[in-house]
Amino acid sequence: MTRAQPRSESDQQFEERITALLDNPSYADHPLRLALAELLERSKAQQQRLERIIKISDRYQSLFHEHVFDLSRRYDRQVRSLTRNVRQVDQHLEAMEQRNDALQLSATHDILTGVPNRRLISERCRAEDARTTRYGSTYSLALIDVDNFKRINDSYGHTTGDQVLVELAAVLKSCVREFDLCARWGGEEFLALFVDTGLETAEIIAQRILDMVRHLRVKAGSEELSLTVSIGVAQHAPSELYTNTFARADQALYEAKHSGRDCYKTSAPPPVASA
């Protein structure tokens, strides 16, 4: 910022010398006295104008700096406000994404056990129907039901019953292969889809499920509950809808239940009618 500079010592001395000459009576009649006096007055007036200009310049510079500082503060406030708004928008979008993920998960997975639900496995079965029709492959379904589940609920309460389903679902997930799908069909029933799998391999998986469930122990207060399941297995038949395959698996499950439980029964594809 420009500041009015004090007059130098030489300027003041020069002015004092001129003033002294003008005040000296011996130069009162000198022909240059009036011109020198006028020159001194003009010099003083010019110095005063310069000082006023410098003061005005200082005021403008001060106002300019205040204006720039005010703009800077307002800019900083706006940046902070914008940053807060962006952060809030990001949080809102993240929350929306989490809600959408939760809605998507709840639409396709069982809330209690975390495994796929009936809707998702039904879609997969319809897709397998289309794939087997196109490529001539096959698949098998295994309908799994907890033996004496009502007795568990009645004797130990629904909380224990829920825990049985949760732990059973974990065992079933560990028994099926990575490309298979195991879902909660409803109540204490689970449905497993074995992709590209005939009845012989499906039986091996069903036996593995039976063995793993027999070793499962579920805490019920101070007790440990042992479980068994019954399984109905059916292989998909050419041109058959999954609902028909499921119906045959359900009939096989009924036979397993009436054969003493803790076992599996199978339903082979019906023979293709000859032309």
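Trainee: Where is the place of R87?

Mentor: R87 sits in helix α2, residues 33-108; helices are DSSP runs of H or I with at least four residues, strands runs of E with at least two, numbered from the N terminus. This is a predicted model, where local features need pLDDT of at least 70, side-chain atom pairs count only at pLDDT 80 or more, and totals for chains, interfaces and linings use all residues. Residues are numbered from 1 along each chain as its sequence is written, and side-chain values use heavy atoms, leaving out hydrogens and water.

Trainee: Buried or exposed, or partly exposed, for R87?

Mentor: Partly exposed, at 43% relative accessible area. Buried is under 20%, exposed over 50%, partly exposed in between, with a 1.4 Å probe and protein chains only.

Trainee: Which residues form the positive surface patch?

Mentor: R77, R80, R84 and R87. Patch residues have over 30% relative accessible area and no salt bridge; like charges are joined within 9 Å, nonpolar side chains within 5 Å. A salt bridge puts a side-chain nitrogen of Lys or Arg within 4 Å of a carboxyl oxygen of Asp or Glu.

Trainee: And which residues form the nonpolar patch?

Mentor: I56, Y60 and L63, with about 340 Å² of accessible area together. L63 is in helix α2 and is exposed at 53%.

Trainee: Switching to R261, what is its phi?

Mentor: Positive, about 65 degrees, although R261 is not a glycine. Most residues other than glycine have a negative phi. R261 is in the loop between α7 (242-257) and β7 (264-267).

Trainee: What about phi of D262?

Mentor: Also a positive value, near 50 degrees. D262 is found in the loop between α7 and β7.

Terms used: Accessible areas come from the Shrake-Rupley method with a 1.4 Å probe; for residues, only the protein chains shown count as cover. Lys and Arg count as positive and Asp and Glu as negative; His and the chain ends are not counted. The place of a charge is taken as NZ of Lys, CZ of Arg, CG of Asp or CD of Glu.
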